[in-house]
Amino acid sequence: CDLNRRAAEQPVPSSCQVDTIYRGSDWTTGFNAAMVEGKDPTLTWTFLQSITQKIALGGEGIYSVGTGEANVSYGGVMAGADYKASLTHSITQGSPNHKFECSFFRQVDKKVSLATSLTCIPSQRAAQASVGYEFNLTTAKVCAMMNTDWQLHATLEERIAPGFSLLFGAILDHSKSMSKFGVGLHVGQ
């Protein structure tokens, strides 16, 4: 709990959260109750069951106590030594906009990883796909992602000394003719 922060130099709403997780031999369940001042309390329940060594199925439910709105998600994951694939279906109470999300990650070798994702909202006839890669070199890491909205995100992390990295980032949005660039220094592990 984080209470009575309104009088602080930078006020923060009071909040309280209870989180419980139980792990069985091949399944996990969790419960979360959260209250933030000025917002409706929420209750969250999760469950994940291993079906085989590589496949797990699960679900999550979120209930807003004040509005009575519920959101349910369920799906599955298949994972191997060098890949991970997932599929999720989400439904929000009172909304026709249920959503399907699928993703695939593949580690090609120790230095190269590839990923792709697809999100579909059938009732809106909307979909977004993205592809990305990561090259993890000896002194640098290069990551980039492009989606079907013609947005390109790229980062370069140059390790200049143990615990110090120089970061360069860029976002190019071709659909809006917008670009953002940034530079940073990361200190620590």
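**Figure 1. Overall dimensions of the predicted model.** In this predicted model, the protein has a radius of gyration of 21 Å, whereas a compact globule of 189 residues would have one near 16 Å.

**Figure 1. Overall dimensions of the predicted model.** In this predicted model, the protein has a radius of gyration of 21 Å, whereas a compact globule of 189 residues would have one near 16 Å.

Figure 2. The protein contains 13 strands and zero helices. Among contacts with a separation of 6 or more, 9% join residues 24 or more positions apart.

**Figure 3. Surface and charges of the protein.** Of the 189 residues, 13% count as buried. The protein exposes about 13,200 Å², and carbon and sulfur atoms supply 61% of that area. There are 15 positive and 16 negative charges, and their mean positions are 5 Å apart.

**Figure 4. The aromatic cluster.** Tyr22, Trp27, Trp45 and Phe47 form one aromatic cluster. The structure holds four aromatic pairs. In one of them, the ring centres of Trp45 and Phe47 are 6.2 Å apart and the planes lie at 10°, so this pair is stacked.

**Figure 5. Accessibility of Trp45 and Phe47.** Trp45 has 45% relative accessibility and therefore counts as partly exposed. Phe47, at 28% relative accessibility, also counts as partly exposed.

How values were computed. Residues are numbered from 1 along each chain as its sequence is written. This is a predicted model: local features need pLDDT of at least 70, side-chain atom pairs count only at pLDDT 80 or more; totals for chains, interfaces and linings use all residues. Side-chain values use heavy atoms; hydrogens and water are left out. Rings of Phe, Tyr and Trp (its six-membered ring) pair if their centres lie within 6.5 Å; planes under 30 degrees apart count as stacked, over 60 as edge-to-face and the rest as tilted. Buried means under 20% relative accessible area, exposed over 50%, partly exposed in between (1.4 Å probe, protein chains only). Helices (H or I, at least four residues) and strands (E, at least two) are DSSP runs, numbered from the N terminus. The radius of gyration is taken over C-alpha atoms; the globule rule is 2.2 Å times the number of residues to the power 0.38. Contact means heavy atoms within 4.5 Å. Accessible areas come from the Shrake-Rupley method with a 1.4 Å probe; for residues, only the protein chains shown count as cover. Lys and Arg count as positive and Asp and Glu as negative; His and the chain ends are not counted. The place of a charge is taken as NZ of Lys, CZ of Arg, CG of Asp or CD of Glu.
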